[in-house]
Every structure is written in structure tokens, then in C-alpha cells.
Amino acid sequence: MKAEFSPFVQRFMALWQQRGGRIEVHESQAAARLSLLLTLRELRVREILAWPPAALLLPGLTEALADAGIALIQPERGRLRAELTVGLTEAAAGLAATGSLVLAGPVVDAWLPALLPVYALVFLPIPRLFSDLTAWQRAQKTEGLGRALLIGGPSISADIEWHAHTGMFGPRQLHVVLLPPPENGELSTQVPHEA
Amino acid sequence: MPADRPTRQALYRLGQLVERRSPLPPELPPAAGQARRRVLAELETYLNGFATQAQAQGMRVWWAEDYQQADRLVIERIRETGCTEVLRNHSPLFDEIALDRAAAGNGIKLIPIHPGDHYLQLTGASPLHPIWPSAHLGLRHLATAMAKAWKVPPSFDPDLLAGTARLRLRPLLLAVKVAVVGVHFAVAADGSLVCLDNDGHNAHLMALAEHLICLIGIEQVVADMADLELLIRAFSLAAWGQDQAHYVGVIAGPRMADGPRCVDVILLDNGRRRALAAGLSVALACIGCGACHAACPVYRQVGAMAYGRHARSGPIGAVLNPVMWPTRRTQDQPYLSSGCRACAAVCPVGIDLPDLLARQRRDLAARASWAERLGFWLWQRLLPYPRLFIPALRLARRLLWRA
């Protein structure tokens, strides 16, 4: 059965895909976890650049990755490994107006897993979708953005005769996994943060 | 003097690209213009607010009155780090203060990490446009320069060339210690600094550099986050035709755990206060998106270099240069316009450039010498009579040649 999404979610998904990003939405956290493992198997990676395991949103993900023989490598400035081709991180917010992700928050080096690898996987819980930046900031009850990175699509350079080259410095493929709220484990069609 | 053929072809293509885009939402330019005007009306208050907030966040704030002082401040900050190879992003501010040359003169190598800027450095060419600096470099030209500089086989496939550049530039980014960054916006409310791009080089520099030296024009301060959001949209739509740049990096001070451990902010005047005093606050609302360049039929013929190497180019340059950097070369720039209003139609902050240009032309006419006035009076009288006009023109040319 195809789930009905709120206009908020639909707009975010449409804009994200329009810019060449990949997006998937799951009805439960278990389905999201399984899909992630399948994606990583397809990519044939043994190590991925990621946030500290404790900060990852999906319960049981660290164990599932360990069972699959995939190690989570945390970024260390000065010892960054260019060969890590897949990154895994979570977004602080998604903005429906522009179809972009906000990476922010207290976790150290939160930007790097979405910035350095060729393939970046980003978790975005549906309740963290906001209409725009101002709405998100209002919900944070802070004066400014602090330290934040807004990502609207893959890294593209068009500096040679306007020929678009994807993956110039950052990811060639940005893959957003929309997660249902953890309370009921089911996909919500209502977004609590109104514009 | 018209630009060379590849430059004119590239500018023509740029014009076509821009014309194919959907027009700006009608409500955007007035709203974005109001956001800019609000700050410019009380610039000193917002600047001091930004400086106070930035210092509270742990940044070091410096003020540069002119380009020489800005160069000196940047070089002193680099020297403090002990680094001699420093990365920089792409910003017209670096051309304005001639930073590359000043750094080289002090034994510091500034490496542009923006692909387009890097291609310019490899080929020794001049920038085409504020957003698309290297689009006029032909494949053959670029491939030969890359092959010579990097000892790689020449290729005429743009993807392969960009891939080669990636292989060369990305390791530099991953190992960056010190970076000089031209910032797009500074937010007065919380003292944060904002950079936009589509390839992510600014975000890399902001995340990975240990010492960040940020340069920003004093007019680029915005009031708060709501205005910033509006201006990010205005800039992205006008520069790239998209709702938001693919990467928008925001930093608010140094962080010991990640991000830069030291952030220096240099606020550059270099004639901006003079422009403000001359009643050009409307023109200082410019956000540097380059939309007016692409739309201007005169710019498409003469290119950026007609405006001077270290000055702003395009219609906005024709307005600001004579006031910000009054030299003999910049004085006549208000005449680099056909008055077609194409620039006003595409400006995302609603600057009425033709009106400003007409005003400056009137000022120039009022300051003209009696000989110039006599010349124009005669021209006006003789123009309807070709039998008189052509011999008079020949005579005038001969007299001017002798003078």
C-alpha cells in the first residue's frame, strides 16, 4: 500500500529528487535499517565515515553493521582518509521550502560524513521537517544558526564551459533516508512543525 | 575595446543560459532590497553589532580602510601561523585588494581552491564573470595548461579535465591548515559568517581549516536570520537559477573540537563609506550575484577587463567604480551602458542601475570642461546633417590627434 505523505514531505522529496538526490522513506525503523544494510552491501564497502555510533538514530544499527562486517570510522582532523567513499550522518532538519538539509548540532565534525565521501547517506526523521530555515530556528529557540551546513544537492562544478561535473569536492550522490518517528515505529503522515 | 572572440562567445552563451531561466518571483526583489536597505541606512550600527557579536563568539575582528591595509592584515595573520602555502576560495574581494600579488610579494603562495579560479591561475587568464570566472577558457587551452602544469596527458573531455582537477585539488583541501575566505554575508544578530557555493569548497574550508581568515566588505552585513534566508534565496536564484546554493556554510566563531580553532574577520571599507556618503547606498545593496553582468549587452561585448583589473565589473561596477576608486580609467564607466534596462529587470535586490547610471552621467556632464561642452553642443547640432557632420568629425579627430 502506498503511503500518503503530507504536502510538506512531498515538496521536500520532489525538490530533493529534482536536484539529483536520492530519497527513500520507510514505514518502520526496522525497514529503514534493512534498506540501509542492502544499500551498503550494494556499495561493497567495509568501512564508512560516520558519526559516533551512540549518536546514530536507528536503534540496533551499530550492531547490525558490525554483524555485516562494516566498521564505522569517525572523522579525525589531520588524519582524514580520502579513500572512505561512503558517509553516514543525520540531519538536524529538513527544509521543505528549498528541499535542503541542515547539518548542525553538538556532535563533533557533524558536517564531514556528508561532505567528504563520494556517497553520503543522511538520516532525516520526518518530525524534523520544517517549512523553512526561520521556522526551524524558531523551534530551536536560539538567536542564530550557530555552526550549520545547509546542503541542497550533490557537489557540482560547472567551471569548464558550463559542463556540469558532479562530485567535484563533496558527494556525487546524496541519499536521504526519511525515518518515521520512533514512538510508534510507523510512518507519520502528519508533520508537527507548521510554517 | 571589445573583448576577444572566446570571451564574447562565452558571454553570449552565459546570456542565453540566464535568459532561459524562469524570471525571479515578483515579490523577491522588493523584499530582498528592503532587507539590504534596512542595514545600509544604519550601517555603522549593524557593523558594530556584528563586530561585538563576532568578538563574543571568539573571533578576532579587524578593520581595513583600504586595500593596502587589507593586504597587510591578511599577510600578518598568515605570518602568525607560520604557513607559506595557504588555500583561498573564490571571491571578487581578492581581485579588489590584489591579494595574490601582495601575498606572492611576501613569499606566501595563495592557492585558489575554487576550480574556476584555479583554471585561471593555470592559464594566466583574466576572470570572465563574478560567478563563472573560467567559462571562457576553451577546452584546448585548459587541457594544454593542465598537461603542462600537472604532467598529465592532455584530454578534451570536460569530465576528465574536471576529474583531474579534483584529484589535484581535493588532497589540498583535506590537508588544509590555513585558509583565506571571501565571505558572502555576515549576520549582525549573532556574528555568524556565511559562504555559498555549489561544489562545496567553502564548506570544506570552513570545516577543515585550523585557521580561517575571513574577508568581507562592510556592506555585506545583514540584520538577522530572516534577512539572511531571503538573501540566500535571492543570491542563489540570480546566480545559479536555483532556490538555494547546494552548500551554504555558516560558522559562528572558532571551535576547539572541530571547525577552525582561530577565526579572523577583516572588514573592508576600500571606498564603500565614500560611496555611501555620495548617496550610492542603493548600489551598495548589491549582493554580487553577477546577474546584471549576464544581462548587459555592453558587458557581453567588452568583458570584465574593460572595467579595470582590480575594480568591480559589469553595470554595478560602472556605477560604483567612479566613486569607490576615482581614477582616470574609472571616470567614464557610467557610459558603459546602453540604457536598455536589462540589468534592472534581473537584479534580485531591485537596484535601478539605469537610473543611477543616468544620474552619474548627468554629474559627469555638469563637471565637464568648456571644450567638452562645446564639442557635445556642436555634435548635437551637426548630427542631423551628415554632409556637415562627417567633415566636422574628421576635423575633430585630427585636432584631438594633435592634442
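1. Contact here means heavy atoms within 4.5 Å. By that rule, B:L139, B:L142, B:A143, B:M146 and B:W150 in α8(B) meet B:P158, B:L161, B:T164, B:A165 and B:R168 in α9(B). Helices (H or I, at least four residues) and strands (E, at least two) are DSSP runs, numbered from the N terminus.

2. A word on the basis: this is a predicted model, where local features need pLDDT of at least 70 and side-chain atom pairs count only at pLDDT 80 or more, while totals for chains, interfaces and linings use all residues. Residues are numbered from 1 along each chain as its sequence is written, chains are lettered from A and ligands numbered from 1 in the order in which they are written, and side-chain values use heavy atoms, with hydrogens and water left out.

3. Helix α8 (residues 139–150) and helix α9 (residues 158–174) of chain B pack at an angle of about 30°, their axes 11 Å apart. Axes are lines fitted to C-alpha atoms, for helices over the stretch in contact, and angles run from 0 to 180 degrees between N-to-C directions.

4. B:W370 belongs to helix α20 (residues 370–382) of chain B. Its relative accessible area is 69%, so B:W370 is exposed (over 50%; buried is under 20% and partly exposed in between, with a 1.4 Å probe and protein chains only).

5. Chain A has five helices and 12 strands. Of its 195 residues, 58% are buried. Among contacts in chain A between residues at least 6 apart in sequence, 76% join residues at least 24 apart.
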